[in-house]
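Student: Hey, can you walk me through this model? I'd like to click on residues while we talk.

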Amino acid sequence: MTKKKKTKYNKLNILLILGGIFIAAIFGYIIFCTHQSQKNLLSFTTIPLILGIIFENRRLSTDWKTILIKVVISLVLSFFAFLPARGERNYSLEIHIEMWPYFFIVFFVIASVIHHDKKIIPQLTEGITLLQSISIIYWIIDIGFLNFKNIFAYTLIVVGLIFCVISFIHAFSYIKLTRNSRLFLSVWSSIIMIVFAVDHIYRVYNFDYFVDYKILNDGLNILQYFLLGVSLIYIFQNAFMLFTYLPDRSSFYGKSKMNDIRKMNETHIKRYAVSQTKITDSLLALIFTAGIYFWNYKYQIMPRHTLIWLIFWFFPFVIWLKKIILEKRKTTSSTTLP
């Protein structure tokens, strides 16, 4: 290590230590105020939420120091929560302490999105959009959308089903993926993820007892917050990829806005893989997910939003396991041949 690099490394360590001492002192004071208060100011559920964000950061980057730097920066910025709001006449420290963890979470997610800008735009495939389309059909049925007696609901269902049919056609055939079809399927993926994100956030923060056992409910609630933390980075990214298409207040769809849209179109096209999903994998996705969704719809084992995010997280392991089993069969069959 050169002297310049060593000096920078030492300065960074000193800054981290000083920042840690400063944060620890303020954090200690916040804990003291929380302990003295008669209200429960800091919600326990923010812990699995933050752990979910840390887990996903760790998955995207193995460097713990980088994650620690993001945590320190987010903590420092989160102290903006203690500034008096505009028009706030009577300053209440307790209200600001309640807001503080959510300021930290927002800054932590933003820092993660900025740092992992390239990694968090996952490579989409026909299989992923098929999985999302199956999930949105289950969501429409389970939420009771089919029972809504108005034109708006029926219009949304018809439009959604058209998107789903197109994703099904591509997943169960080898029709060439053109630039337009990749753009179409990528935008559809972002729309689905935003719908699920809004529903998930609403249901998590309005969670009621789902089963009769308190321990199971508490465990389910912790799981919901953890999954929300894991997915928050991608929710922010998908929201950004969709909001670009909304008109500006000043120029509506002016020249600069159209340039931004063209750039975003390229981002959508680039993130969708040209390679096509095997029809056997698509069939496995259909049988596996439709079976689990039907089982949950009939017996109501867990909330739909939790199950949907679990499926998104778990199904890639099913495909991975299938590949390992097939590879083992090939190797065993090749060794037994005379």
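Tutor: Contact means heavy atoms within 4.5 Å. Keep in mind that this is a predicted model, where local features need pLDDT of at least 70 and side-chain atom pairs count only at pLDDT 80 or more, while totals for chains, interfaces and linings use all residues. Residues are numbered from 1 along each chain as its sequence is written, and side-chain values use heavy atoms, with hydrogens and water left out.

Student: Which helix does Arg58 lie in?

Tutor: Arg58 lies in helix α2, residues 46-60. Helices here are DSSP runs (H or I, at least four residues; strands are E, at least two), numbered from the N terminus.

Student: How far apart are the C-alpha atoms of Lys70 and Ser112?

Tutor: They are separated by 7.4 Å, although Lys70 and Ser112 are 42 residues apart along the chain.

Student: Zooming out, how many helices and strands does the protein chain have?

Tutor: The protein chain has 11 helices and 0 strands. Of its 338 residues, 41% count as buried. Among contacts in the chain with a separation of 6 or more, 77% are between residues 24 or more positions apart.

Student: What about the largest nonpolar core, which residues touch the most other members?

Tutor: Ile105, Ile136, Phe196 and Leu232, out of 60 residues in that core. A nonpolar core is a set of buried Ala, Val, Leu, Ile, Met, Phe, Trp, Tyr and Cys residues joined through side-chain atoms within 4.5 Å. Leaving out neighbours within four places, Ile136 is in contact with Cys164, Trp188, Ile192, Val195 and Phe196. There's also a second, separate core of 6 residues, including Met241, Tyr245, Ile261 and Ile269.

Student: OK, helix packing. How do α6 and α7 cross?

Tutor: The axes of α6 (residues 151-171) and α7 (residues 179-205) come within 11 Å and cross at roughly 125°. Axes are lines fitted to C-alpha atoms, for helices over the stretch in contact, and angles run from 0 to 180 degrees between N-to-C directions. So α6 and α7 are oblique to each other. Angles under 35 degrees count as roughly parallel, over 145 as roughly antiparallel, 65 to 115 as roughly perpendicular and the rest as oblique.

Student: Which α6 residues make the contact?

Tutor: Gly160, Phe163, Cys164, Ile166, Ser167 and His170 of α6, against Ser181, Phe184, Leu185 and Trp188 of α7.

Student: And how do α7 and α9 pack?

Tutor: At an angle of about 95°, with the axes of α7 and α9 (residues 255-271) 8 Å apart. That is why α7 and α9 are roughly perpendicular to each other. Among the residues that meet there are Arg179 and Arg182 in α7, and Glu266 and Lys270 in α9.

Student: Last one: where is Ser282?

Tutor: Ser282 lies in helix α10, residues 279-299. At 1% relative accessibility, Ser282 counts as buried.

How values were computed
Buried means under 20% relative accessible area, exposed over 50%, partly exposed in between (1.4 Å probe, protein chains only).
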